[in-house]
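Welcome! Please open the sequence and the 3D view side by side, and keep both handy while you read.

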Amino acid sequence: MIPQQVAQTIIDPKAYAAEKPVDDAFTWLRREMPLSVAQPEGFDPFWVVTRHRDILEVERQNDLFHNGDRSTVVTTRTSDEKVRAMMGGSPHLVRSLVQMDNPDHGYYRRLTQPYFLPQNIRKLEPRIREIARSFVDRMAERGGACDFARDIAFLYPLHVIMEILGVPEVDEPTMLRLTQELFGSADSDMSRGVSASEEDGLAAIMATVADFVAYFNKMTEDRRAHPRDDVASVIANGTVNGQPLGQLEAMSYYIIVATAGHDTTSNTTAGALWALAEHPEQFARLKKDIPGQLPLFIEESIRWVTPVKHFMRTATADATVAGQKIARGEWLMLCYPSGNRDEEVFDDPFAFKVDRTPNKQIAFGYGAHVCLGQHLARMEMRILWEELLPRLQGVELAGEPKRTEAAFVCGPKSVPIRYRMA
Ligand code: HEM
């Protein structure tokens, strides 16, 4: 059994905001107990999967390790019971791709997958470049100082995914607020009121989901009447086995695209600039060969930030992973930040290297559930850096950056910088 202090750290939102306690806990676990059981107070026990190769082994077997059988994020027994009581026995408030298994997962994923493939999203490049340029111009107009997280990194991927989904620009602040409430429910800067207790936290998440549902219900009606070339129209008019999507499934689809589609990319972008500001020698190296090094820099940024901290799986049968016997029904936590610092796979894993190669980062997950938006996320970041880096002459931190307090999706919420632009 994992020592209690370590078990508490890896579920503690504040520890993720501070980062070092979590890095230390995972380093210790990889060395001493790479696949063991944790049981923080108030939680059911779960296996903590910390090694790169073990995470891949679990993710590869998506019929043996299900997403939907128990909560997909680590949750207390009390919250789990409340959700099940409300949702007719289901452990989930929503039913998106993340909570589905085959055959439904395949059916629902095929609905939007073509849209997010490289050959399709390439068409969006000119428009995304326009958006990126407007943000770079905004930075130039700021006259040398801004909060890169709040002023640029949060807003650019938000604008892109909302155009793709079909949400009008006036509603973007609402979408940003709702997403931050959902992912930052443990952070008093982000949540609805201060989530003093876990009960308030769950109530706040439900209120946020209800707001999303009210918004997207209207959108479904509109797109059924007036279909357009956007993802909302695909969801509103899509069919699975000849039937329109169920209400819960359609709402969940909008919500996953509207939330997963920007916060993660924002976190990665903000974290990348933070790293460049802290490591001028890496910035100089990148500046020497911008187009050549961009793909490596982007992979390293994704590894460095790893904004999704975990997803859970549930064993559907007795299984063995890395020599450990896992019983049917047991819960596993896939710890992506740990996999992305695994000494067996990454040379000097705690160093940020713009030209790291090879880089087998697993921040997008792996297997059947691998991130649907990974090509879009990479393309958005490439375009922003292509527009920004040639003009950015120098950058440094102008204050202490801060991360959101969250144990599920977390990254920088404030990165104050000073810079010179051409
Ligand atoms: C740097 C940016 C991003 C990161 C690090 C990230 C990370 C992840 C991770 C770890 C998963 C779970 C994979 C698994 O279970 O194996 C996931 C799933 C998903 N992501 Fe992303 N994501 C990013 C950007 C995006 C974007 C831009 C979209 C926009 C559409 C998106 C949409 C989704 C969806 C819909 C799923 C669920 C896929 C499924 O269960 O089949 N993500 N992402």
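This is a predicted model: local features need pLDDT of at least 70, side-chain atom pairs count only at pLDDT 80 or more; totals for chains, interfaces and linings use all residues.

Residues are numbered from 1 along each chain as its sequence is written, and side-chain values use heavy atoms, with hydrogens and water left out. Helices (H or I, at least four residues) and strands (E, at least two) are DSSP runs, numbered from the N terminus.

**The ligand and its iron**

- Start at the iron atom of the ligand, which has a single protein donor: the SG atom of Cys371, 2.3 Å away. Donors are N, O and S atoms within 2.8 Å of the metal (3.2 Å for Na, K and Ca); water is not among the atoms, so sites may look incomplete.
- The ligand is surrounded by 28 residues, and the closest are Glu59, His105, Arg109, His369 and Cys371. A residue counts here if one of its heavy atoms lies within 4 Å of the molecule.
- Glu59 has a polar side-chain atom 2.5 Å from an oxygen atom of the ligand. For His105, a polar side-chain atom lies 2.7 Å from a ligand oxygen atom, and for Arg109 the corresponding value is 2.8 Å. A polar contact is a pair of N or O atoms within 3.5 Å; within protein, one must be able to donate a hydrogen and the other to accept it, and residues adjacent in sequence count only if both atoms are side-chain atoms.
- Two or more residues of the shell around the ligand come from each of α6 (104–112), α14 (247–260), α15 (263–278) and β7. The most come from α15, with three residues.

**The five-strand sheet**

- Five strands form an open sheet with mixed pairing, in the order β1-β2-β10-β7-β3. Two strands pair if DSSP finds at least two bridges between them.
- At the edges are β1 (35–38) and β3 (65–66), each pairing on one side only.
- Strands β2 (residues 46–49) and β10 (residues 331–335) run parallel and are joined by three bridges. Here Val48 has Met333 of β10 as its bridge partner.
- Between β7 and β10 there are five bridges, and these strands run antiparallel. Met312 stands opposite Met333 in β10.
- β3 and β7 also run antiparallel, joined by two bridges, with His66 opposite Thr314 in β7.
- Is β7 mostly covered or uncovered? It is mostly covered, with six of its six residues buried. Buried means under 20% relative accessible area, exposed over 50%, and partly exposed in between (1.4 Å probe, protein chains only).
- Both faces of β7 are covered: one side has His310, Met312 and Thr314, the other has Phe311, Arg313 and Ala315, and all are buried.
- Helix α4 (residues 52–60) lies across β2, β3, β7 (310–315) and β10, at about 125° to β10. Contact means heavy atoms within 4.5 Å. Axes are lines fitted to C-alpha atoms, for helices over the stretch in contact, and angles run from 0 to 180 degrees between N-to-C directions.

**The three-strand sheet**

- Another open sheet has three strands in the order β4-β14-β11, with antiparallel pairing. Its edge strands, β4 (145–147) and β11 (392–397), each pair on one side only.
- From one strand to the next, the twist averages 30°.
- Five bridges connect β11 to β14 (residues 416–421), and Val395 stands opposite Tyr419 in β14.
- Helix α15 lies across β11 and β14, running at about 90° to β11.

**Two residues to look up**

- His92 sits in the loop between α5 (77–86) and α6. Why does His92 count as buried? His92 is buried because its relative accessibility is 8%.
- A polar side-chain atom of His92 lies 2.7 Å from the backbone oxygen of Gly68. Not counting residues up to four places away in sequence, His92 touches several residues, including Asn67, Arg70, Val83 and Gln99.
- Lys288 belongs to helix α16 (residues 280–288) and is exposed, with a relative accessible area of 75%.
- Lys288 and Pro390 are 102 residues apart in sequence, and their C-alpha atoms are 9.8 Å apart in space.
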